[in-house]
Each structure stands twice: as structure tokens, then as C-alpha cells.
Amino acid sequence: MIRYMAIGDVTSPKSAEALAKALWSIRKEYRIDFVAVNAENAGFIVGPSREMAEALLSGGADVLTGGNHTLQSPALLGMLENDSRLLRPANYPDGAPGQGYTVLDAKGYRILVANFLGRVHMEPPLDSPFTAAERILAREEGRYDLAFFDFHAEATGEKTAFAAYFDGRVSAIYGTHTHVPTADTCVLPRGTGYVTDLGMCGADGGILGVSRETVLNRYLVGLPTRFAPADGDFFADAVIFSIDEATGKAVSVERVRLALPTPNTK
């Protein structure tokens, strides 16, 4: 059995620090073979810095996936080009920095992880994630044992349609982006593990990882507001997919909320 843990969007530098401090212990406690972390907000609104990415990878993450803010971190572009453990959405145009998928090892099995960006209520407008995923599966046929898709999208309908289309062809599909954990963890009819959104990694005292005051001011006053990260106790929303290595199908899908240590950064 391969136990694959997917962790929801890291929302700030403090969140990245807290997760990096705890991840090896979490892996041991839950007997995890592979960890994927969505880090597209780790720099707070923008993607992670090189230092954050390196801390998460050395701290226990096997791969960092991205989203609509990943390429907004200029300092990260070189690392995107040179480190196969750091992904941006695969449906960016040719010529965009970095790569949208990778194949890594876990327990002697070849694990394909691919990242896609939705097109409903999302910017920038990109190629079809369906088409991009088809191309990857065709290109890598015979070169992987298990496949996992991080679909970074706003619309629940787009996420569930994507999962229905690829059900039975990959081991698991999980949604990211909304920072709100959904209650629909399941094994789809043809054996793909699924959840519409993992949730987030951050502080529990705010709104989607952002301080209450700055969010409420924008809604109540209607003027542009400079957001600030939330404060509070740190946690990470995660989903564990247990996969039968022989069939590549999901056996179970389990949601967990992980308590994280308080970061040192002021």
C-alpha cells in the first residue's frame, strides 16, 4: 500500500515555517510514503521564495505543486527550471518557466504528480486542463506506476467534471485553491481517490489565511485594502490516499487536520 498525503494551500511564510518544522514527525505518525504540498500562496498571495521552497522540501515534502500565483515570485523562476520537485500548472503555454509534472520515487514505485489550473473564474486564462492532462498521460505511458493530479481551480463543478473524466485512469485527483476543505472525500466508481478541495495550511484566526480585519474592511468599506496574514494557532488540512500498488486504484481516502507548532518568525 502506498500512502500519499496531499496538504492544502500554504497561505504565508509563517505557515510554511510551521509545516516544515513538523512534516517529518507527521510522516512518521501517519506512516506516509509520499507528501505533496500546494505552496502557491506560501509567500502570501504570491508563490514561495526559494528559501521557503527549500525548507519545505528538506522538511519532508516530496513535491511542491502550484497554481495561479506561482509564477508571481520572480526569485523562484530559476528553481522552477532546475528542480523537478517544484511544479507550476502544466497547462501554461510552452515557454513558461518550469514544468507541470514530474515522476519521483516512493518505495520503489514511480509516482507521477501533475498540476493543472482551472479555467472557470480563474486568471490567467490557460489551455484546457483536460487536454494538458491527456498529453501528459500519453507522453509518459509506461514510465510511471501511479499518478496523482492537483487541480487548482475555483469552480466545484469544473473540479468534479475533471475527476469524472479521468476516473480510473489515475490513482487520485484532489482540488486546491479555495482554502476551504470539502466533505466529499471518496473513491470514485472506477477507483480514483477524490476530494474537491484539500483546504489550507495556515493560522486559524483569520479568513482563508488572511487577517479578519483586512478582509472585513474590504467588504464593509469597499475600498482596496492591503491584506495581512492571519494570526492564531497553526494547522494544515490534508487528505491521505491509500493506493493499492498492484492495481493503482485507491482503497481509501481519509481527511485529517494537523496541528502545527508555532513558528519562530515574528
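**Exercise 1.** How many residues line the largest pocket, and which of them lie nearest its centre?

*Solution.* It should be kept in mind throughout that this is a predicted model. The lining of the largest pocket consists of 19 residues, and those that lie nearest its centre are Ile45, His179, Leu208, Val210 and Phe227. The next step is to ask which element contributes most, and here helix 6, residues 212-221, gives three residues to the lining. Sorted by class, the lining holds eight nonpolar, eight polar and three charged residues. The volume of the largest pocket is about 490 Å³.

**Exercise 2.** Describe the second largest pocket by its volume, its lining and the classes of its residues.

*Solution.* Begin with the volume, which is about 230 Å³ for the second largest pocket. Its lining has 15 residues, and Arg88, Ala90, Tyr92, Asp94 and Arg135 are the ones nearest the centre. Helix 4, residues 129-139, supplies the largest share of this lining with four residues. By class, the lining of the second largest pocket contains seven nonpolar, three polar and five charged residues.

**Exercise 3.** Which residues have the most contacts inside the largest nonpolar core, and which element gives the largest share of this core?

*Solution.* The largest nonpolar core comprises 36 residues, and within it Met5, Ile7, Leu19, Val37, Leu64 and Leu260 have the most contacts. Among the elements that give two or more residues to this core are strand 1 (2-7), strand 3 (34-38), helix 2 (50-59) and strand 14 (234-243). The largest share comes from helix 1, with eight residues.

**Exercise 4.** Is Arg27 buried or exposed?

*Solution.* First place the residue: Arg27 belongs to helix 1, residues 13-30. Its relative accessible area is 11%, and because the cut-off for burial is under 20%, Arg27 counts as buried. Beyond its neighbours within four places in sequence, Arg27 is in contact with Ile32, Asp33, Phe34, Val35, Gly60 and Asp62.

**Exercise 5.** Which residues of helix 5 are buried, and what arc do they cover around the axis?

*Solution.* In helix 5, residues 156-166, the buried residues are Glu158, Lys159, Phe162, Ala163 and Phe166. They cover an arc of only 135° around the axis, so they lie on the same side of helix 5. The general rule behind such a pattern is that an α-helix has 3.6 residues a turn, so residues three or four places apart point the same way. The buried residues of helix 5 pack against strand 6 (109-117), helix 4, strand 7 (146-152), strand 8 (172-176) and strand 10 (193-195). Just after helix 5, Gly168 takes a positive phi of about 90°.

**Exercise 6.** Where does Gly193 lie, and which residues is Gly193 in contact with?

*Solution.* Gly193 lies in strand 10, and Gly193 is buried, with a relative accessible area of 0%. Once neighbours within four places in sequence are left aside, its contacts are Ser171, Ala172, Ile173, Cys186, Val187, Phe241, Ala250 and Val253. For Ser171, the separation can be given as well: the C-alpha atoms of Gly193 and Ser171 are 6.2 Å apart, although the two are 22 residues apart along the chain.

Definitions and conventions:
Residues are numbered from 1 along each chain as its sequence is written. This is a predicted model: local features need pLDDT of at least 70, side-chain atom pairs count only at pLDDT 80 or more; totals for chains, interfaces and linings use all residues. Side-chain values use heavy atoms; hydrogens and water are left out. On a 1 Å grid over the protein atoms alone, a cavity is a set of points where a 1.4 Å probe fits but cannot get out, and a pocket is an open set with protein on both sides within 12 Å along at least five of seven lines; lining residues have an atom within 4 Å of a point. Grid points are joined across faces, edges and corners, and a volume is the space filled by probe spheres set on the points. Ala, Val, Leu, Ile, Met, Phe, Trp, Tyr, Cys and Pro count as nonpolar, Asp, Glu, Lys and Arg as charged, and the others, Gly among them, as polar. Buried means under 20% relative accessible area, exposed over 50%, partly exposed in between (1.4 Å probe, protein chains only). Contact means heavy atoms within 4.5 Å. A nonpolar core is a set of buried Ala, Val, Leu, Ile, Met, Phe, Trp, Tyr and Cys residues joined through side-chain atoms within 4.5 Å. The arc is that of the directions from the helix axis to the C-beta atoms.
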